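Subject: Structure handover

Hello,

The structure we talked about is below. My notes on it follow.

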Amino acid sequence: MGTVTSIYFFMHKFIFLVACVLTFQSAASQELKVAYFGESFTHYGLKGGYSITLRSVDKQTKKGHSVTNAVAFTPGLAIYRHAHNHVGLIVMPDVSYRRKNEKGRIFETGISPGLFRSFLEGKVYEVNEAGELEKLTLAGRTAFMPTVFIGIGKDLSVKREIPISWYARLNVMKQVPYNASSLTRFAIEFGIIKPLIF
Amino acid sequence: MQKLFFLFIIPLFFLSCTEDATEATDTFYVRNDGADMPVWVRGNVDSGKIILYVHGGPGDCAMCYRYYLKGMEKDVAVAYWDQRIAGSASGNVDPKTLNYEQYTEDAFYVVSLLRQQYPGKKIYLMGHSFGVEVTWQFLTTNDNQSMVAGALIVNGTFSNYRWMDVMRDWVIREATEQNNAKALDFAEENPVTKENIQELDWVGYYRHMLDLGGNELSLFSNKKFLINYALFTPNTTLAQFSHGKGYENYFDFEMLNYDTSGKLDMIDIPVAFLWGKKDGVVPIEIGYETEALLVNTTVDWTVFDDSWHEPFVSENEKFIEAALSFMRNN
């Protein structure tokens, strides 16, 4: 099985599994996420996501503080531009563990079996079978992009009654295949989370 | 915490906008045998002259050296080509294609593309280090030399057997001067012959050469270059460190068989040598040997007395002027 075929097979399974879980979720625990997405920090972009809390548990710590532990699924889409190189599009179905304390401080970590598509920024010419240069449109590559991430944030509704949270997050992404092997990419996110109340 | 957040995020937004400020003319990609290789053309195309920079390595990058070669762009255009799996080239590449035949084919299509896009313009190859090997291979294959107006050769070899033999001489000379018994013992225990070249511990020679000061200048000691390289150029920074394994077959077998000495007599286009005199990586004696083999053309020499392997870094202005002067005269 080719790499790209394996990627599609894996993604299909993953989406099916998540869809099954979502069927049982209430609409009350959903959020919208919008963020600056900086691949290699300065390759600017945007990311949007729709977060659904799959499971949430409130508990007391040994010191008597209350914390909320939650597992969330956030299908998202990031787009960025690496100037004079490519525009990247990443489908990121994040699964995350989130912990929020009574002051509204958030810690988050998770994984995402992402799917990456690049669009080369420039005129692309392919050498065809006749040995001639043939112009291509929207040329790029598709790759698997598994991601792990860690982040912090703050729920501003706790102290200030502002119904949003801000968050910052570091993504470590592996693009497979890339050239003769794979490529590790880093990206930062700075964004806001807006709870959806139905 | 919030103050820290905004202090960090706002400068990043501004940084993200200050992308590589170029007088961009064109960006092309050549897709060949699994590789998507960028060719950035910058500078004065109206001059009628384009230098195609053939970078070293293998595995180095072209656009990252724009920092040092930009001085030429006012007078001529420079085409920066990242070879397969190097620099910011991407794709899905079989490591078996990392051989001279493939590099020559890639170079052929890059030159063909430049000729197609800029009809009537003169194209010059500027090979540096490994790029010199690709340049010689290209020029001595079929009638390729008729596609270009000249070649600028910067600290590179025509034969890897000769390279190793000359480097051994360099190591012995420097080790004697510096009283380095370890390096001398190594050279004595590891003679270089045509017959043993495949088994030769060339990495050992390379290490001793560096220890003896064969390339004192590090690109990465220039912090401005480093920041520009990492954050504001089209390079895919971390890709530089991801492709090492791909070259295993090249370094173990392919490289050591390289030899164009029997073909250099077919070259009749103008050639310039720009050589860092203190270089231990590819010592200047290789340049003299190459010149002797170029019997059907003349060589325009510029020696950089205070330079090692990258004269365009250490004596930038002199380098730019020498390159432009060659192109003005040819």
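**Helix α5 of chain B and its neighbours**

In this predicted model, R162(B), W163(B), V166(B) and R173(B) of α5(B) are in contact with E285(B), I286(B) and E289(B) of α10(B); contact means heavy atoms within 4.5 Å. By class, that contact has three nonpolar, no polar and four charged residues. Here Ala, Val, Leu, Ile, Met, Phe, Trp, Tyr, Cys and Pro count as nonpolar, Asp, Glu, Lys and Arg as charged, and the others, Gly among them, as polar. Helices (H or I, at least four residues) and strands (E, at least two) are DSSP runs, numbered from the N terminus.

Residues are numbered from 1 along each chain as its sequence is written, chains are lettered from A and ligands numbered from 1 in the order in which they are written. As the model is predicted, local features need pLDDT of at least 70, side-chain atom pairs count only at pLDDT 80 or more, and totals for chains, interfaces and linings use all residues, while side-chain values use heavy atoms, with hydrogens and water left out.

The axes of α5(B) and α10 (residues 284–293) of chain B are 9 Å apart, at an angle of about 140°. Axes are lines fitted to C-alpha atoms, for helices over the stretch in contact, and angles run from 0 to 180 degrees between N-to-C directions. The two helices are therefore oblique to each other (under 35 degrees counts as roughly parallel, over 145 as roughly antiparallel, 65 to 115 as roughly perpendicular and the rest as oblique). The crossing of α5(B) with α10(B) is right-handed (the near helix is turned clockwise from the far one by less than a right angle; anticlockwise is left-handed).

With α6 (residues 181–189) of chain B, α5(B) packs at about 150°, the axes being 8 Å apart. That makes α5(B) roughly antiparallel to α6(B). The crossing is left-handed. On the α5(B) side the contact involves R168(B), V171(B), I172(B), A175(B) and T176(B), and on the α6(B) side A183(B), L184(B), A187(B) and E188(B). These divide into six nonpolar, one polar and two charged residues.

The axes of α5 (residues 160–177) and α7 (residues 202–211) of chain B come within 10 Å and cross at roughly 40°; α5(B) and α7(B) are therefore oblique to each other. This crossing, too, is left-handed. Residues in the contact include W163(B), M167(B) and W170(B) from α5(B), and W202(B), Y205(B) and M209(B) from α7(B). By class there are nine nonpolar, one polar and one charged residues.

**The barrel in chain A**

Chain A has a closed barrel of eight strands, β1-β2-β3-β4-β5-β8-β9-β10, with antiparallel pairing (two strands pair if DSSP finds at least two bridges between them). From one strand to the next the twist averages 25°. Within chain A, β2 (residues 45–60) and β3 (residues 66–82) pair antiparallel over 13 bridges, and D58(A) is opposite T68(A) in β3(A).

**Backbone points to check**

Most residues other than glycine have a negative phi, and most peptide bonds are trans. The V176(A) to P177(A) bond is cis, with omega near 0°; P177(A) lies in β9 (residues 165–178) of chain A. The G57(B) to P58(B) bond is also cis, with omega near 5°. S129(B), not a glycine, has a positive phi of about 55°.

**Confidence**

Chain B has a mean pLDDT of 91, with 93% of its residues at 70 or more (pLDDT is the predictor's confidence in each residue, from 0 to 100). Over residues 9–22 of chain B pLDDT stays under 50.

Regards
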